[in-house]
Amino acid sequence: MAALSEEVLLVVKRVRQRKQDGTLYLMAERIAWGPEGKDRFTVSHLYADIRCQKISPDGKAKIQLQLVLHTGESTNLHFSNESTALKDRDAAKDLLQQLLPKFKKRANKELEEKNRMLQEDPVLFQLYKDLVVCQVISAEEFWANRLSINNVDHSLSNNKQEVGISAAFLADIRPQTDGCNGLRYNLTSDIIESIFRTYPAVKQKYGENVPHNMTEKEFWTRFFQSHYFHRDRINTGLQDIFSECAKQDEKGLKSMVFQGVKNPMVDLLSLEDKSLDEGYGSNSTAPSTSNTNKTVKENSNSAIIKRFNHHSTMVLAAGSGKKASSLVVFTAEPCANLAVCLHRDAPNGQACETSSTDGNSRDSDFFQPPIKKVKIQDVIEYEDLHRENGKKTVALNLKKSDRWCGCSWTPYFGTSVMSSSTASCAIAALSPGGVLMQALAQQAINQMVPNDVQGELKHLYTAAGELLRHFWSCFPVNTLFLEEKVVKMRSNLERFQMTKLRPFQEKVQRQYLSTNLTGHLEDMFQMAYNKFHAWQTRRMMRKT
Amino acid sequence: MKLNIEGLLVYFPYDYIYPEQYSYMLELKRTLDAKGHGVLEMPSGTGKTISLLSLIVAYQREYPLEVTKLIYCSRTVPEIEKVVEELRKLMEFYSKETGEKNNILALALSSRKNLCVHPEVSSLRFGKEVDGKCHSLTASYIRAQRHSNPSLPSCRFYEEFDAMGKQVPLPAGVYNLDDLKEFGRRKGWCPYYLARYSILHANIIVYSYHYLLDPKIADLVSKELSKKSVVVFDEAHNIDNVCIDSMSVNITRRTLDRSQANVETLQNTILKIKETDAAKLKEEYRRLVEGLKEANVARETDIYMSNPVLPDEILQEAVPGSIRTAEHFVGFMKRFLEYLKARLRIHHVVQESAPQFLKDIFEKVCIDRKPLRFCAERLRSLLRTLEIADIADFSAITLISNFATLVSTYSKGFTIIIEPFEDRTPTIANPVLHFSCMDPSIAIKPVFERFQSVIITSGTLSPLDIYPRILDFRPVTVASFTMTLARTCLCPLVVGRGNDQVAMTSKFETREDFAVIRNYGNLLLEMSAIVPDGIVAFFTSYTYMENIVASWYEQGILENVQRNKLIFIETPDAAETSMALEKYQEACENGRGAILLSVARGKVSEGIDFVHHFGRAVIMFGVPYVYTQSRILKARLEYLRDQFQIRENDFLTFDAMRHAAQCVGRAIRGKTDYGLMIFADKRYARADKRGKLPRWIQEHLTDGSLNLTIDETVQLSKHFLRQMAQPFRQEDQLGLSLLTLEQLQSEDMLQKIAQIAHQA
């Protein structure tokens, strides 16, 4: 029995299928059912084929589990062991619940991947249409040696790119009333991930408390109940575990504010040159310094505003990593080299600082002017008032240019080199119109043949090339599988020649007399047939 | 290119020119020729600054005896630096074209905070601290003390500058703030004092308004500038408020308490000095008798104690006898303080004029007008005599003495309002005495009188005739320039209704209306879905924004907006807002897109530009009227009506519309830029509001874009954005909104250009 070599995860006895008693097996990759007393499975589904499972409602007499396949078929399993039916069913259900998503993802991923490749690559898509849709070769054959290559590099790039966070992820947790004075929050793993990435403090709390102090469910319940989640509430009680998070956020925000901004053009603090001294001025709405006369509502309003700023900042930071701030510098193109050198200096700022003779304590001073200059230059530049003189290029900045041009360097080729005049003669002869190029007649092929025919020819070439590639990849034929394949490929080639190439040839002949557009294609096919023939005769000889 | 502006050779450092720039230079040249003042409105992003600089520098070179100096006043530090960089570009172009090194000295001047290179002092965070610390190291009497006691700390940069810096003038060139610092570091000279000294012989000075408009500073910094200067006020749409602010004083109970402490310190110091060094006080007395106060006042480092009134109002006589001795003066101040305290102990609002106040003070505590006028001067002298190092501690008593001098100097144009509590919180006593200036022309008058040409320019000065009226001067040119466009890159829309046909307005009666708030929310939501990158939204006031944000949050609108873009919100805290701004730009930069909720009249609306993708749409929620219930405003409106025949409503609408225009204009910063301007209030459709928008916005506000619903707005916006997203090349502009020298010289183009300037 083949199943024995597989890992069996769960065995449930007395499960009826089509009124027949039997045993249900849940294996690593498939679910199977065999009737009692027989040692083979009459039902066997790969998990990947299963779309979903359904269970009968709790109150029902029959305790059933239904498997719905992607094809639309379904299989009903009836748990008939009276005493433990429910338990059995739930055990099977829970296990399936864990297993199915894994396989589902894989199946979907493959499909998605194929879809993506076809969409991204129009040539491939055309090929697919020519070969698979016209049933020259099967889809599996088509994908057989494509997916594997692509899978590798795709997964590589997958690692590199992190998915950003939706700013509204908290809004996606729509609370729903469950009818009896309660709220249900739908939490997916994506949302949890987003919460953790945006609010590291919550992640830390989670790590501290789950699972030693409370269950995961309890943790999230508390999270949603907390004032922390409801941004308009300000008085965070002490017993709330998230009050600390709020404080931490506050601290983070403060430190960020204290650090100030790097772009001097948006620094509102240094905008005013000379602010009026205290007591001067006529602004009637002088900010009341005491918070006491602010109402609770006003306080909560400003708390909301603060939270929004914080939230957006965190989302942005989580999405862009830490590089974002230094990247901004590079957007100023006109002084790119300046920005670049600034960027290079930044990590080893110490050296820069100590070299200055005058111990200016504001270390930012040394970095600020370049950024400022770039920004100001950027702002005062009227690009349309300048005559366009091509792309602005960054000048090559060689530190010690004498090293590059000072020493005399003469190339040495040895003796077997022809003179430059001979070489240019040869090039001239090989160029179109040269002595050696006159024999070629198709110099005007792109003028004589209309575009649509050219396009069609191109498709034919790619399709034929693909088929031939399959064909030639079978050699040397050393396994049974390859043997089968090579035979199949030959018939594929023939079919292609019949269904595609011939009609094209006829069409061309109808329209144009002389030019033999498909000659080369036919040569290629002939070459393949010859090879096949040679291989076949050799095999026959060996057999006889 | 080299231009011929009515016979004047102007070097213009670009290959092409906008037609309006040419037109602007023409008008400017005529103003300078007439030696008169001008009001010029030209949209931002059309190269106003470079046009100004090119023409005035050319004028200066051509007629060096007619115009000796250009004083360029701007509002913010980044603006100042931008101007200097543009100037540098121009100068580089000059030396490239003419082949000779130009001998023009141009420099920027800013406060100590931006110029100090002293390692300890410059590390302080706030401007006031820097000033105070600098003063404690460089004040004249401190330096005198150091002669006897060399161990006292000093600023070596200032000492070096004082010893060497004045012998050789600063070499010709263009000095931005950082260049000055760099130069100062290299030479070991104090850049701040170097700059202040050098502005006397510089050809071009770039600094902020305050150095010319605030009498407390202007007296010290700009006193000796030549009369043959051209003064430019750039971004001048708010100049009246700057004038008013510089002359107004607010006194709270806290000020009085601190003054009380100041007076006691003074008294103790006087007693102490009397025991040890009575001669010093006698010397001071003698000086005051002889009226020699001016003789050694001109110590440049004693900046803190300057007179708050305008130079022509300062009395040239000796300090009156009643406050001549130190004790008498302290006693006098005590009496004055007690009187003010008594005035603040009231339970109802009092409003009176300066003469009424003076009459009352004479009746109650027998304080005469004359000694009051000398208060500021007398305190200055006393503080110097007592050799008080940390002047910053005495800001309260300085404020009181300034108030005394102001109130006794000006009988017109000011009002005194004493409010026992804030309007919002009538139960909490917080008495404030507002001494507020209502007439901006008082502060700016000496500028107009002294300098031969004053140019007031900005992107938004409409309606043009109001500025000459409220600033009380007679301009020779008043012109508004439009933006010539090869494609209509701005799209003003007036949204008046929601999809439910409920009118959208921030009118006081309906602003709390649920439907209005919801419609505003829907507008933001819809726009967030269709506008790429950045959206900036402005509210009429901070409290209004807070309320709306809170109810949007409750209604779940913000959550939906968040699906499209990140949300950042301006807060009253400048540091927090700066960070939000930076993050906002970051979000626009990396393609996420963001919304900035901000406040008209706030710092963001006044000083931050949202070029290109940083602002593809500006939404103005409501009409940004000032808080009309304020008594100060009411007094000012009354004054404007009585003195200048400007009706209250006209002024209020003018003020609201200039701020609205400022807000929406933030998004368009040039011809290659584009942006939506959404006015979300049905009142914008009315002729009296529309007519007060700058011409370059009004032109594109057709009847078809008035009183739209949200859906219609979305449709129009989509269409506009799609059109604008097409590639826009230089060739598209050439000949229309961008000219080569040849095109400029053609006859019909010159005719077209003549139409650009719209004379008011």
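This is a predicted model: local features need pLDDT of at least 70, side-chain atom pairs count only at pLDDT 80 or more; totals for chains, interfaces and linings use all residues.
# A chat about chains A and B

Reader: What share of its residues count as buried?
Author: Of the 760 residues of chain B, 63% count as buried.

Reader: What about contacts in chain B between residues at least 6 apart in sequence, what part of them joins residues at least 24 apart?
Author: That part is 81% of those contacts in chain B.

Reader: Let me switch to chain A, then. How many helices and strands does it have?
Author: Chain A has 20 helices and nine strands. Of its 544 residues, 34% are buried, and the chain exposes about 34900 Å², of which carbon and sulfur atoms supply 54%.

Reader: And the contacts in chain A with a separation of 6 or more, what percentage comes from residues 24 or more positions apart?
Author: For chain A, residues 24 or more positions apart account for 52% of those contacts.

Reader: I can see strands side by side in chain A; in what order do the seven strands of the open sheet come?
Author: Going across the open sheet of chain A, the order is β4-β3-β2-β1-β7-β6-β5, and the pairing is antiparallel. At the edges are β4 (43-46) and β5 (50-55) of chain A, each of which pairs on one side only. From one strand to the next, the twist averages 25°.

Reader: Can we zoom in on β6 and β7 there: how many bridges join them?
Author: Six bridges join strand β6 (residues 63-69) of chain A to strand β7 (residues 74-79) of chain A, and the two run antiparallel. As an example from this pair of strands, A:Q66 has A:N76 in β7(A) as its bridge partner.

Reader: What about A:V8, which strand does it lie in?
Author: A:V8 belongs to strand β1 (residues 8-17) of chain A. With a relative accessibility of 37%, A:V8 counts as partly exposed, since that category covers what lies between under 20% and over 50%.

Reader: Leaving aside neighbours within four places in sequence, which residues is A:V8 in contact with?
Author: Apart from those neighbours, A:V8 is in contact with A:Y25, A:L26 and A:M27. The C-alpha atoms of A:V8 and A:E29, which are 21 residues apart along the chain, are separated by 9.5 Å.

Reader: Back to chain B: which strands make up the open sheet of four, and in what order?
Author: In chain B the four strands of that open sheet follow the order β9-β12-β11-β10, with antiparallel pairing. Its edge strands are β9 (249-252) and β10 (350-352) of chain B, each pairing on one side only. On average, neighbouring strands of this sheet are turned by 10° against each other, if direction is ignored.

Reader: Which helix packs on that sheet?
Author: Helix α26 (residues 631-644) of chain B packs on the sheet and touches β10, β11 (414-421) and β12 of chain B; the direction of this helix makes about 155° with that of β11(B).

Reader: And how many bridges join β9(B) to β12?
Author: Four bridges join β9(B) to strand β12 (residues 429-437) of chain B, and these strands run antiparallel. Within β12(B), B:V432 is the bridge partner of B:T252.

Reader: New topic, aromatic rings: how many aromatic pairs are there over all chains?
Author: A search of the whole structure finds 44 aromatic pairs over all chains. One of them is formed by A:F219 and A:W220, an edge-to-face pair with 5.1 Å from centre to centre and 85° between the planes.

Reader: Are A:F219 and A:W220 buried or exposed?
Author: A:F219 counts as buried because its relative accessibility is 0%, and A:W220 is buried as well, with a relative accessible area of 6%.

Reader: Why is the pair of B:Y207 and B:Y211 stacked?
Author: The ring planes of B:Y207 and B:Y211 lie at 25°, with the centres 5.1 Å apart, so the pair is stacked; the cut-off for stacking is under 30 degrees. Both B:Y207 and B:Y211 are buried.

Reader: Last one: which residues do ring pairs link into a cluster?
Author: The cluster linked by ring pairs consists of B:F336, B:Y339, B:F357, B:F403, B:Y410, B:F414 and B:F435.

Definitions and conventions. Residues are numbered from 1 along each chain as its sequence is written. Chains are lettered from A and ligands numbered from 1 in the order in which they are written. Side-chain values use heavy atoms; hydrogens and water are left out. Two strands pair if DSSP finds at least two bridges between them. Axes are lines fitted to C-alpha atoms, for helices over the stretch in contact, and angles run from 0 to 180 degrees between N-to-C directions. Buried means under 20% relative accessible area, exposed over 50%, partly exposed in between (1.4 Å probe, protein chains only). Contact means heavy atoms within 4.5 Å. Rings of Phe, Tyr and Trp (its six-membered ring) pair if their centres lie within 6.5 Å; planes under 30 degrees apart count as stacked, over 60 as edge-to-face and the rest as tilted. Accessible areas come from the Shrake-Rupley method with a 1.4 Å probe; for residues, only the protein chains shown count as cover.
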